[in-house]
Amino acid sequence: MNSTNVEDIPSNYGLTGEMELEVGMKFVNKDAAMLAVKNYNIRRSGEFKVVESDHSRYVCRCKLFGDQCSWMVRVAKTRASRFWEVRKYQGPHTCLASATSQDHAQLDSNVICQHIFPMVQADATICIKVLQGSVESAYGYKVSYKKVWLAKQKAIARIYGDWDESYNQLQRYFNALQTFVPGTIVDLQTRPYYVGNTLDRESVMFHQYTGTLLMGIAQDGNNNILSIAFALVERENTDAWCFFLTNLRRHVATQPAVLLISDRHAAIKAALEREGCGWEHNVYCIRHIASNFATNFKSKEAKRHIVSAAYSKTQAQAQYYLELVRRSKCKS
């Protein structure tokens, strides 16, 4: 049987409360100690500067240390303990706290990450503005969109792993897809990875990277919309669309006379014109055409006529609606 000594238990410092720091308080690691010191100062509108910080010490003083304030804290890790312990403390702040600023220097992305972590864990799609409101409600400071965005990225990395780790799992994910979903086609394009001028033979990198998602969808007999293929590419350009559309035709839409419907994006048009792309039949989405039309011509009536022309069953009927479009444009 093992006995637990009080020396082996870290202090239960409430990051959301008004607890005072004190000598002997213990933290599981340096990050926990830093977080406690930051929270303490944020909630009291005090600011400090770090005097010493290394693998065994963390020493902070009030920015007005001296005649105006004597606040300071020394946290250290000793050989006799696995915890970081407050070894010296002078507090609370004796300076007049300034509450004029809308932000706080110590309210950084690490502190915000700790606060919003449960919210992100419950809903990874939660918007930044909601998180900003929660931080302001908890701390009384307005923080920038960028700072909260960075904090959310850190929270997501803690929950799901960082980007490098996630990309390293891609090949295993693809293998699992092909094993458990027979017929799945995967085309992963990579290129050699260099560290400086030295080739790393144990690693490869995406031929296309950063992140734009291209997706192909279809409609079944019950008018349900479903995704049939997607590609992660560097950006939406002709090469990317040619890669996607060629593989879509080669591996998914293999039946003859399949119709491809797309918007009038210049990269898609250029890709379809390349030899070997494989799409003999393609048309443009009338909804996109109407939307682009409405952007240039502020006439709701003309937009309706454009859509009606597209749905016309005869050429004469289409010409009739196009004439109405011309008249509507003239009036606008």
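**Cysteines, salt bridges and a nonpolar patch**

Cys-127 is partly exposed, with a relative accessible area of 40%; here buried means under 20%, exposed over 50%, and partly exposed whatever falls in between, with a 1.4 Å probe and protein chains only. The model is a predicted one, in which local features need pLDDT of at least 70 and side-chain atom pairs count only at pLDDT 80 or more, while totals for chains, interfaces and linings use all residues. Residues are numbered from 1 along each chain as its sequence is written, and side-chain values rest on heavy atoms, with hydrogens and water left out.

To stay with the cysteines for a moment, the structure holds zero disulfides, a disulfide being a pair of cysteine sulfur atoms within 2.5 Å. Cys-60 is in none, and the nearest cysteine sulfur, belonging to Cys-62, sits 11 Å away. Cys-127 is likewise in no disulfide, and for Cys-127 the nearest cysteine sulfur is that of Cys-113, at 17 Å. Cys-60 is buried, at 0% relative accessibility, whereas Cys-127 comes out as partly exposed.

Next comes the annotated stretch. An unreviewed UniProt entry places the feature "domain: Transposase MuDR plant" at residues 19–82; such positions are given in the numbering used here, feature names are shortened, and annotations may be inferred rather than shown by experiment. Helices (H or I, at least four residues) and strands (E, at least two) are DSSP runs, numbered from the N terminus.

Helix 1 covers residues 30–43, which makes 14 residues. From its first C-alpha to its last, helix 1 reaches 20 Å, close to the 20 Å expected at 1.5 Å a residue; that expected span is 1.5 Å times one less than the number of residues. Helix 1 is largely enclosed by the rest of the structure, because 11 of its 14 residues are buried. Among the buried residues of helix 1 are Leu-35, Val-37, Lys-38, Tyr-40 and Ile-42.

Side chains of opposite charge can pair when their charged atoms come close. The structure holds eight salt bridges, each one a side-chain nitrogen of Lys or Arg within 4 Å of a carboxyl oxygen of Asp or Glu. One of them joins Lys-38 to Asp-108, with the closest N and O atoms 2.5 Å apart. Lys-38 lies in helix 1 and Asp-108 in the loop between strand 5 (84–90) and helix 2 (109–122), so this pair ties together parts that are 70 residues apart in sequence. Lys-38 has 10% relative accessibility and counts as buried.

Another salt bridge brings Glu-52 and Arg-57 together at 3.0 Å, N to O. Glu-52 is partly exposed at 26%, and Arg-57 is partly exposed at 34%. Arg-235 and Glu-234 also meet in a salt bridge, at 3.4 Å from N to O. Both of these are partly exposed too, Arg-235 at 46% and Glu-234 at 21%. Salt bridges that share partners link Glu-52, Asp-54, Arg-57 and Arg-74 into one network.

The surface also carries a nonpolar patch, formed by Leu-213, Met-215, Ile-217, Ile-225, Phe-230 and Leu-232, with about 640 Å² of accessible area together. Patches are built from residues with over 30% relative accessible area and no salt bridge, where like charges are joined within 9 Å and nonpolar side chains (Val, Leu, Ile, Met, Phe, Trp, Tyr) within 5 Å; the areas come from the Shrake-Rupley method with a 1.4 Å probe, and for residues only the protein chains shown count as cover. Strand 8 (212–219) and strand 9 (225–233) are the elements that give two or more residues to this patch. Ile-225, in strand 9, is exposed at 56%.

Between those two strands lies a loop that holds Asn-223. Asn-223 has a positive phi of about 65° although it is not a glycine, and at 55% relative accessibility it is exposed. Most residues other than glycine have a negative phi. Ala-257 also has a positive phi, about 60°, without being a glycine. Ala-257 sits in the loop between helix 7 (238–252) and strand 10 (260–262), where it is exposed at 59%.
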